[in-house]
Amino acid sequence: MGFLSMEFGFKLGQLSSTGGPLGELVQWSDLIAELYLLGHSLMIYSFGTHAEFSSRIYFAAHKNSLCGSRKNPWGNHQLDLQQFMTMYPHTDDNTFLGFAVEMDPVYGKAGYMWKNAKRLIETVRKFTEVHATVNDNLPDFDNLIINHGVLIGPELHALMRKVKIFLGLGFLFEGPAPLEAIANGVVFINPSFNPPKSRKTSDFFKDKPTLRELTSQNPYAKLFIGRPHVFTVDIEISSQVEDAIREALLSQESKQDFCYVSRFPPVHAIMITVEAVSMQSCQDACRQHNFLCERSFFRIVNMPEFLNKSGSCATLNSIPIPYAPYECSKQENSDLYSCASVPTILDIRRICPCRDFLQGQTALFLLVYDSHS
């Protein structure tokens, strides 16, 4: 809980009344407390952590090849990757803790997030009014927008219940606001990114301990929710935006109930081994077959019967790299077991432990608050 206080210098509390990082302040405070009381040792991190950044030794040896910053301020924790609990299910290596919907914080965002959005707003204005909850001055096109300023939770949800579209501007990445909108029956227009946002292309991610590549502002909404509740479009292409708005305005959205009985971790999961193709992560290989990569099963496939099925390996090499194990090569360091890592050598085919799952049921916790109870 000290992370949320002033001594770390992030000013999270100070910014809470002006649209600051409310996910950290509100989404997890109660979850952290509950898990701590239950005796869990854990690390909460919004964007997840890859094996390459959790291992201090590996990062020090390979930092020049990992793109982005040569520093690792959010990594080097040497934890089991499943101890990193994330708000969204970024990778199968970390644990999807969940999030709170229908929360009661002060809600508002900054005017700088509207930079370069004038053409987009003009496109939207052809169809409907544009409302905002911005805490400071908007850009020079604020005459196109009805700004409500900072709103508390009930006021924000009252506004959401009157609208049909929640428009993403491309930033903030992976915030909870789209989920609140969808829970209120609103269609989310999700900006796509080409090229993807990552350590290679975005200053925001340059020192984050992840090699993920975001292909949209909210990948979770695209992958796990999708149409008709989420339209992922290139907001730089007016015709795509117009088509999405027309379809959203014509649709009659009903509220969604995202509560479910958790089945995580799975008690009776069946392990299926899949061989990845060249330059493919186990996470992607498993999903191609409608499975999830199960990191805890790597210890099972890291055995000769899986690594030398053909009988052609004279010996089994032990190597400490995140994309091991693969044929004839064992993983030497269990901290580097990774669903998300992609081989850097073309002819390596990862051996991937997958499991079955019920669609959508991958979270450890999901809290849904009724702000009026």
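Where in the chain is Leu346 placed, between which two strands? Keep that in mind while looking through these close-ups, which come from a predicted model.

**View 1. Leu346 and its nonpolar neighbours on the surface.** Leu346 sits in the loop that runs between strand E16 (329–331) and strand E17 (351–355). With a relative accessibility of 61%, Leu346 counts as exposed, because the cut-off for that word is over 50%. Together with Met279 and Val342, Leu346 makes up a nonpolar surface patch.

**View 2. The disulfide of Cys282 and Cys352.** A disulfide is a covalent bond linking the sulfur atoms of two cysteines. In the pair formed by Cys282 and Cys352, the sulfur atoms are 2.2 Å apart. The link is left-handed, with -80° about the S-S bond. Cys282 belongs to helix H11 (residues 282–288) and Cys352 to strand E17, so this pair ties together parts 70 residues apart in sequence. Cys282 has a relative accessible area of 0% and is buried, and Cys352 is buried with a value of 0%.

**View 3. Cys286 and Cys354, joined by a disulfide.** The S to S distance here is 2.0 Å. Cys286 is in helix H11 and Cys354 is in strand E17, so to speak distant parts of the chain, 68 residues apart. Both cysteines, Cys286 and Cys354, are buried. With -80° about the S-S bond, this link is left-handed.

**View 4. The disulfide between Cys313 and Cys328.** Look for two sulfur atoms 1.9 Å apart. The torsion about their S-S bond is about -80°, which makes the disulfide left-handed. Cys313 is found in the loop between helix H13 (304–307) and strand E15 (317–319), while Cys328 is in the loop between E15 and E16, 15 residues away. Cys313 and Cys328 are both buried. If you number the protein's bonded cysteines in sequence order, they pair up as 1-7, 2-8, 3-6, 4-5.

**View 5. The second largest pocket.** This pocket has a volume of about 1100 Å³. It is lined by 38 residues, and those closest to its centre are His50, Leu211, Arg212, Glu213 and Ala340. Helix H5 (56–62), strand E11 (214–216), helix H9 (219–225) and H11 each give two or more residues to the lining. H9 provides the largest share, with five residues.

**View 6. Lys200 and Glu213 in a salt bridge.** One of the residues closest to the pocket centre, Glu213, turns up again here. Its salt bridge with Lys200 has the closest N and O atoms 4.0 Å apart. Lys200 is exposed at 60% relative accessibility, and Glu213 is partly exposed at 45%.

**View 7. A salt bridge between Arg119 and Glu236.** Eleven salt bridges are present in the structure, and in this one N and O are 3.8 Å apart. Arg119 lies in helix H6 (residues 118–125) and Glu236 in the loop between strand E12 (230–233) and helix H10 (238–250), so the pair ties together parts 117 residues apart in sequence. Arg119 is partly exposed at 46% relative accessibility, whereas Glu236 is exposed at 54%.

**View 8. Arg355 and Glu294, a buried salt bridge pair.** The N to O distance is 2.7 Å. Arg355 is part of strand E17, and Glu294 is in the loop between strand E14 (292–293) and helix H12 (298–301), 61 residues apart. Relative accessible area is 3% for Arg355 and 7% for Glu294.

Note on methods
Residues numbered from 1 in each chain as written. Predicted model: local features only at pLDDT ≥ 70, side-chain atom pairs only at ≥ 80, totals over all residues. Heavy atoms only, no water. Patch = residues over 30% accessible without salt bridge, like charges linked within 9 Å, V, L, I, M, F, W, Y side chains within 5 Å. Areas by Shrake-Rupley, 256 points an atom, 1.4 Å probe, with all protein chains shown as cover. Salt bridge = Lys/Arg side-chain N within 4 Å of Asp/Glu carboxyl O. Helix = DSSP H or I, 4+ residues; strand = E, 2+ residues; numbered from the N terminus. Buried < 20%, exposed > 50% of the residue type's maximum accessible area, 1.4 Å probe, protein only. Disulfide = S-S within 2.5 Å. 1 Å grid on protein atoms, 1.4 Å probe; cavity = no way out; pocket = protein on both sides within 12 Å on 5 of 7 lines; lining within 4 Å. Points joined across faces, edges and corners; volume = space filled by probe spheres on them.
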